[in-house]
Amino acid sequence: MADQNVPPRRPRDDRGWDGRQQHSSDGYADHTASAPYGYDSPHSYQADARGQYADGYAHAGQPAPAPRGPQWVGPEGLGAPGLARPAGTGLPTLDDDDEPSRKVGRRKAIVALGGTAAVVAGGAALAMTPQIRSLFGDDALAGDATGSTVTDGTAARPSGQQPSTVRTYTEQNESYMGSRAGEALKKNAPSGGRTFSGPAAAAAETKVTVKTVLAKDPILHLARRATFGATPAVVADIKKLGIDGWIRAQLDPDKIEPSRAELKLAELPTQKLSVQQLSDQRDKLNEQGAQPEREMVDATLARQIWSKRQLFEVMVDFWNDFLHVAAEFDGGEVYRNSFDKDVVRAHALGSYPEMLVAANKHPALLIYLNQKDSRKDAINENLARENLELYSVGVDGGYKEPDVRQAAMLQTGRGVEDGKYVFKPEQHYVGKVKILGFTHANNSADPKKAEAAIDKYITYIALHPSTAKYVAQSLATRFVSDTPPKSLVDRLAKTYTTNNGFIKPVLMALFSSSEFWAAVGQKVRRPMEYLVSTYRVLGVSPDPSPKHDNGDNKRTPFARGLRQIHDKLRELGQSPMGHPTPDGYPDVYVAWTSAGTMVNGWNEAGEIVAGYRTSFTYTAPEKLVAKPPATAGAYVDALAQRLVNQKLSAREKNLILGVAGVPASAKVDATFNGAITAVARAILASPQHHLR
């Protein structure tokens, strides 16, 4: 019975990408297509290092779908040729102007800076990839492809088989780290550690031994990891409150006052509407061109850039990858904002079991994974499978295919009607179920009893030892390194279990560990993290520039500016809740290596430095340093201290001086003799800004 009316497992869109983009007058692409889960997703799954797809099944004889746009290429082939693009598209230029004196060595200098990020993170095999070399005319090198591995999977759903016999990896991040590049990263990661009485004690007693170009300053390390980018204000707050005091304050976000930008979120009108209002006004909003699901992402970006509740926003982003529901799916325009508010944000620093129970009663998840279509005589497995595979125990957490079937039968009856969650007892399967050691008579269709049985099961898997390990591994990967020590994962999993899935104690254990403080420079920013941190470090204001042309009367400058950032991130391949399928974005560096995206990000940093996005107010680049030194070398030192909180190495400093075309002893004015934008952009291309 459980096999009836089950749609194919995550069908794939193999059509490739034609590279065409529609650009608005400000240079941002206009992305309007929805990304429903399942049948016509604009992003296809890609094979991992061992020939597996991200849905967990091998597809014999099928090559990995072509990557789309300038997305970052994973370890399945760093040397793979890029897609052909129509004339007039492709990477933006790295040059700021056409004056020959300004162009001397600029491209190679910036690439030499940015390309070393992988080296200093421990993965020499990833630096200066063939794509990057080819951009600048150097001889192409052999790629860092890891080769293929024979798997025992098939395109058919492997009913009755243990998932681990079909897949060759445990989860998405690990699939990437199984490559040769991933192995290189592991060699530079701390191998073990211990827990101290608190974060400050751990910071004081931990010696940083890994190779890194980042300053081994615990305050800067905390600011980089627990926020979306260190700013002078954040560093000052940590120094004022102390490490322990700052973390305690961040773990109590309701007591932190909203920022000016958060107050301006009232300018995103659909974010104030309830599910019922969004449903009732759907046609009207469509006519007006309003997109509630995209405004929600815009609001998320505003909070990441400007909120003072930074650790909370980092955790919201973490859960949006772990318990992932895409922003854009058929129904997302009505339900996704409520899921963000009532599920993710309501429980981001609370109880994960409560979050998972709430998610399983929310229309967004029930629609996204087709649970609303599942009934006792025609069962859909999607939500039951993802509850086990992605949202709790993990693919190697001990469940078998019969467990998925039993869970799918137990969860029948849950649906959506008139915009609200409903339980339909006539559609609920009645009968004993046994799932991963959970047994329940499930002998009543009475709504209260049937729903209680489902909630009890969801709570059971959320507190399962495999879930504790999976959450711990994911948190350690986000906050510590791409290869977190087993010692830390085990301690965090124990804390999770001891505290019944409450997250604050787990975070306190993490920040009180020597592994956290020893991992300076062990994480590389993903595209979204890079761009958001760039806005933060440059001190961009949410108010419009005096140069702003208010040509669009439908939206305020603030709303338009956020949408521009959103569109740029979609172009770069990562935006909040932008992954169309329920596995969320990978959180390891080897999944995000691409010459195209790096160059695009560097050029966008240059646009921000120059203040070209007039929806916001920018600090003029010549005013980033309050009292600019009179010589070029000293000016670079001061500007680096302002942008990346430390001086650069002699080699990096010379590369940046080469960007400006002047020696260290040259006399310069506040504009660096006209090269200040190029110099600031080059510093933002350095490993010191790429690493966190």
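I began with the pair Asp 543 and Arg 260, whose side chains meet in a salt bridge with N to O at 2.7 Å, and I note at once that this is a predicted model. I then looked up where the two partners sit: Asp 543 is in the loop between α26 (527–537) and α27 (557–572), while Arg 260 belongs to helix α11 (residues 260–263), so the contact ties together parts that are 283 residues apart in sequence. For accessibility I found Asp 543 partly exposed, at a relative accessible area of 22%, whereas Arg 260 is exposed at 52%.

Next I turned to Arg 491, which forms a salt bridge with Glu 515, and here the closest N and O atoms are 2.7 Å apart. This pair links distant parts of the chain, with Arg 491 in helix α23 (residues 486–498) and Glu 515 in helix α25 (residues 514–518), 24 residues apart. I recorded Arg 491 as partly exposed, its relative accessibility being 23%, but Glu 515 as buried, because its value of 0% falls under the 20% cut-off.

I then followed shared partners and wrote down one network, in which salt bridges join Asp 317, Asp 321, Arg 478, Asp 482, Lys 523, Arg 526, Glu 529, Asp 587 and Arg 692.

Lys 255 is exposed at 71% relative accessible area, and Asp 252 counts as partly exposed at 27%.

Last, I noted the total from a search of the whole structure, which finds 36 salt bridges.

Conventions: Residues numbered from 1 in each chain as written. Predicted model: local features only at pLDDT ≥ 70, side-chain atom pairs only at ≥ 80, totals over all residues. Heavy atoms only, no water. Salt bridge = Lys/Arg side-chain N within 4 Å of Asp/Glu carboxyl O. Buried < 20%, exposed > 50% of the residue type's maximum accessible area, 1.4 Å probe, protein only. Helix = DSSP H or I, 4+ residues; strand = E, 2+ residues; numbered from the N terminus.
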